[in-house]
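Please examine the structure shown below. The briefing that follows treats surface, helices, core and salt bridges in turn.

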Amino acid sequence: MTAQDAANLLIAIAGTGTSGIESAAAIVERFSGLGYRRRADWRALINDETPAEMAKAIMERREVDLMTLPGMEGLRSDHSFRDGLTAFIEAVRQQRITFKKRDASDLARAYVSVEGQTFVRAGISISMADGTRADAWYEPSGKRAEYSDLHWRQTFSHRTISAVTNLLRPADVRSAKSKAA
């Protein structure tokens with residue numbers, strides 16, 4: 001299995017919602033081609049009514065473009081959701097992005113989401129251990145997705161990505177890792 005096969009599998013599972021797995025191929029087709037849109041900077045949300053603690057936390061965030069994270073540099077500005085998810089899986093597989101067992105001080109985490117029904121959108125959010133964060137939305141090309149109250153959203157985290165990438169590693173690396181645990 002390749003990183004792209006793993007990305008297709010995760011898109012199919014997360015994107016099926018309540019329609020059932022029999023629609024998996026159509027779901028992969030529907031979500032795979034969504035185009036990259038960098039998520040807006042959180043600093044733009046600060047105004048006179050923003051609580052001081054929240055404004056300080058927002059100003060201290062180090063937000064970067066997804067395409068500048070380790071292992072993601074090969075992505076182009078016109079990449080698709082499948083391309084972004086495949087690059088993320090590959091970056092974790094190559095250990096360019098790592099997620100350790102969590103403790104209270106560990107900031108490293110990631111979430112991938114797919115949303116659908118009345119509109120279709122996906123997202124990748126990666127927080128690195130040093131506090132750097134990258135967020136990206138993926139939407140249909142052309143017109144931006146219109147938000148609606150009638151939709152579903154499914155999310156999976158770095159735990160799923162790590163488990164899948166462990167399956168992509170050569171057998172000798174997997175057995176050495178399981179012996180170390």
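Met-1 is exposed in this predicted model, its relative accessible area being 58%; exposed means over 50% relative accessible area, buried under 20%, and partly exposed in between (1.4 Å probe, protein chains only). As a predicted model, it is described with local features at pLDDT of at least 70 and side-chain atom pairs at pLDDT 80 or more, while totals for chains, interfaces and linings use all residues. Residues are numbered from 1 along each chain as its sequence is written, and side-chain values use heavy atoms, with hydrogens and water left out.

**Surface**
- Met-1 lies in the segment before α1 (3-15).
- Together with Leu-9, Ile-13 and Leu-167, Met-1 forms a nonpolar surface patch with about 430 Å² of accessible area.
- Such patches consist of residues with over 30% relative accessible area and no salt bridge, with nonpolar side chains (Val, Leu, Ile, Met, Phe, Trp, Tyr) joined within 5 Å and like charges within 9 Å.
- The protein chain exposes about 10400 Å², of which carbon and sulfur atoms supply 53%; accessible areas come from the Shrake-Rupley method with a 1.4 Å probe, and for residues only the protein chains shown count as cover.

**Overall architecture**
- Six helices and six strands make up the secondary structure of the protein chain, in the order α-α-β-α-β-α-β-β-β-β-α-α from the N terminus.
- Helices (H or I, at least four residues) and strands (E, at least two) are DSSP runs, numbered from the N terminus.
- Of the 181 residues in the protein chain, 44% are buried.
- Among contacts (heavy atoms within 4.5 Å) between residues at least 6 apart in sequence, 64% join residues at least 24 apart.

- In α5 (residues 158-168), the buried residues are His-158, Ile-161, Val-164, Thr-165 and Leu-168.
- They lie on the same side of α5 because they cover an arc of only 125° around the axis, the arc being that of the directions from the helix axis to the C-beta atoms.
- Arg-159 and Leu-167 are exposed on the face of α5 turned away from its buried side.
- In α2, Ala-24, Ile-27, Val-28, Phe-31 and Ser-32 are buried; their arc of only 115° around the axis puts them on the same side of α2.
- The opposite face of α2, turned away from the buried side, carries the exposed residues Ala-25, Ala-26 and Glu-29.

**Nonpolar core**
- The largest nonpolar core has 44 residues, and those touching the most other members are Leu-66, Phe-81, Leu-85, Phe-88, Ile-97 and Ile-126.
- Two or more core residues come from each of α1, α2 (24-32), α4 (81-93), β3 (109-117), β4 (121-127), β5 (132-139), β6 (151-157) and α5.
- A core of this kind is a set of buried Ala, Val, Leu, Ile, Met, Phe, Trp, Tyr and Cys residues joined through side-chain atoms within 4.5 Å.

**Salt bridges**
- The whole structure holds six salt bridges, each a side-chain nitrogen of Lys or Arg within 4 Å of a carboxyl oxygen of Asp or Glu.
- Arg-76 and Asp-78 form one of 2.6 Å, N to O; Arg-76 is exposed, at 55% relative accessible area.
- Asp-135 is bridged to Arg-133, with the closest N and O atoms 2.8 Å apart, and Asp-135 is buried at 4% relative accessibility.
- Glu-115 and Arg-121 meet at 3.3 Å, N to O; Glu-115 is buried at 2% relative accessibility, and Arg-121 is buried with a relative accessible area of 17%.
- Shared partners join Glu-115, Arg-121 and Arg-153 into one salt-bridge network.
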